[in-house]
Amino acid sequence: MNDKARAEALIVEGMTKYYGSTLALSDAHLRVERGSVLAVVGHNGAGKSTLLRSLSGAERPDAGRLLIGSEELHLTSPADAAAMGIACVYQELSLVEQLTVSENLFLGREQTRNGRLARRSMNRLARSICDEFAIDAHPNDRVGTLSVAQRQMLEVARAVHRGSRFLLLDEPTTALELGQVDRLLVTLRRLAADGLGIVFVNHKLNEVFAVADQVVGLADGRVVLSGPTSEIDRAAVVRAVVGERAAADHRGPAVVAPVEGANQPPSERPVVFRAEEVGGPVLANVSLTVHAGEIVGIYGLVGSSRSRFLRTVYGMEPLTRGTMTLDGRPYHPATPLQAVRSGVAYLPEERKLDGIIPQLDTHSNAALPVLRRFVRLGVLRWRTLRAQTSVELAKVAVRGNLESPLSSLSGGNQQKVLFARATLQRPTLLLLDEPTKGVDIGAKTEIYQIIRQLAREQQVAIIIVSTEVEEVLAVADSVAVFRGGWCDGSVRPAGSLGAAELRELAWSDALENAERP
């Protein structure tokens, strides 16, 4: 990187943004050097998205200045930002799925020769870009056929190869598996070494401290922490953005308050759910027992069929072998409706695809599984529905305009609406698949508290699947390891395990499974 590039920095001075009377960003200051990675963390509503949109030209701040070096920028659109070398990759990717890899890379900047598209030239360059970013795709592949990880990397590659000096990334690892995350983080460090300045909005502190040179914490639209990651510990970040009590919940399993009754031997609590040698299209043989008020965490490698087991329990995938019981009675749901009527609630991994209807308001989304409860003589009793959903939404502290479409709420608040929906069902068994996926640190803490309260106060039996080892150990009473569709029913107290030991168990079980007939 040359001296000129080193001297350049993206500088925010006193940036302030209002939405009506709501202060979304207040007197924010930060500096992003080229050749470095700046991580931005914060609670729901802290101002992260507003900051990113202001830097990318999608929003115009009400006060403050944005500069590159000594040059002040006056951005009125993302096109202005792109012209100044600022590119933004949002959580919702902007690729056109019907177009090819090459067409997406050169969209709006197509190469021509004699008035015609120079497809061969573009394909050659596209092939080179795919190789550079380890994207296993042909230039003529439709983007809609690519994996989420490939599309994510393609979006980054497109931004970089359009001459960007600064790359803004909004939660880029949310939909990625562990190995894919590692590859992306390595790529970001390489891009920074090549002179790119990167703003990395993320809620996973492991990733923040693995890749970032600097970290900025936002709370209520204000910068509450800023400094080198080498000089700031994780607990300090959490304390700054969500408070001392929440920070305690993120220091690890040893400091998380156990669910009431967690020390009581499970055998002394009634069994709510039992699976015995359950099999299905991808499930080989799964046995598992969950008691009233118990939170059982499921951990395993990618492809271990953790989520497929939950879908089978919820009637979304067929049970072909084995038996299940719920409250001591045979349980064999053919559809999710049967599962709901049996007292089973389910929070899916992909809330936008399987969990919510974005255009409906918050109250309607919360009541979806139990709408029949509010119908009399064929007429929906809206006032009763609204009153009862309001109670549950208040219990889980949903923030935002509840009358607006659910899509207007933050990811964390959307997830809490799904918890309100679950509590409205009054379930005896609650299935949670990646319950904090795509939510920030503060929302994670609140969701952990909701899960504990359901187990402690209502004695709900809970199964939680998570790819985050620390989350499983922090929330669960006991942990079962899945491997290649197998689980022998053995569980270990979460308090007796460490993150390294649990990962080792998952790998050793996978090796053992490879030797099975």
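Me: Hi! How do β16 and strand β17 pair, and over how many bridges?
Reply: Strand β17 (residues 329–330) pairs with β16 in the antiparallel sense, over 2 bridges. Two strands count as paired when DSSP finds at least two bridges between them. Strands (E, at least two residues) and helices (H or I, at least four) are DSSP runs, numbered from the N terminus. This is a predicted model, in which local features need pLDDT of at least 70 and side-chain atom pairs count only at pLDDT 80 or more, while totals for chains, interfaces and linings use all residues. Residues are numbered from 1 along each chain as its sequence is written, and side-chain values use heavy atoms, leaving out hydrogens and water.

Me: What does β16 do with strand β13?
Reply: β13 (residues 271–279) and β16 (residues 321–326) run antiparallel and are joined by 5 bridges. A275 has M324 as its bridge partner in β16.

Me: Where are the other non-glycine residues with positive phi, such as R426 and Q459?
Reply: R426, with phi near 55 degrees, lies in the loop between α16 (411–425) and β21 (429–433). Q459, with a positive phi of about 55 degrees, is in the loop between α17 (441–458) and β22 (461–465). For context, most residues other than glycine have a negative phi.

Me: How accessible is R426? And Q459?
Reply: R426 has 48% relative accessibility and Q459 has 36%, which means that each counts as partly exposed. The scale is relative accessible area with a 1.4 Å probe, protein chains only: buried is under 20%, exposed is over 50% and partly exposed is in between.

Me: Which side chain does the side chain of E392 make a polar contact with?
Reply: That of R426, at 3.2 Å. A polar contact here is a pair of N or O atoms within 3.5 Å; within protein, one must be able to donate a hydrogen and the other to accept it, and residues adjacent in sequence count only if both atoms are side-chain atoms.

Me: Is E392 buried or exposed?
Reply: E392 is buried, at 3% relative accessible area. This residue lies in helix α15 (residues 382–395). Beyond four places in sequence, E392 is in contact (heavy atoms within 4.5 Å) with A420, T423, L424 and R426.

Me: New topic. How many residues of α6 are buried?
Reply: 12 of its 13, so α6 is largely enclosed by the rest of the structure. The buried ones include Q150, R151, E155 and R158.

Me: What span should helix α6 have, and how far apart are its end C-alpha atoms?
Reply: The 13 residues of α6 (residues 148–160) should span 18 Å, and the end C-alpha atoms are 19 Å apart, which agrees. The expected span is 1.5 Å times one less than the number of residues.

Me: What does N104 touch?
Reply: Not counting residues up to four places away in sequence, N104 touches L95, V96, L99, V143, R158 and R162. N104 lies in helix α4 (residues 101–105) and is buried, at 0% relative accessibility.

Me: Which way do the residues of β15 point?
Reply: I295, G297 and Y299 point one way and V296, I298 and G300 the other, and all are buried.

Me: What are the neighbours of β15, then?
Reply: β15 runs parallel to β22, joined by 4 bridges, and parallel to β23 (residues 478–482), joined by 5. I295 has I462 as its bridge partner in β22, while V296 stands opposite S478 in β23.

Me: What is the strand order in the open sheet of 4 strands?
Reply: The order is β2-β1-β4-β5, with antiparallel pairing. The edge strands are β2 (22–33) and β5 (71–73).

Me: Last one: what pLDDT does the protein average?
Reply: The average is 84, and 89% of the residues score at least 70. pLDDT is the predictor's confidence in each residue, from 0 to 100. Residues 244–265 are below 50, and residues 509–517 stay under 50.
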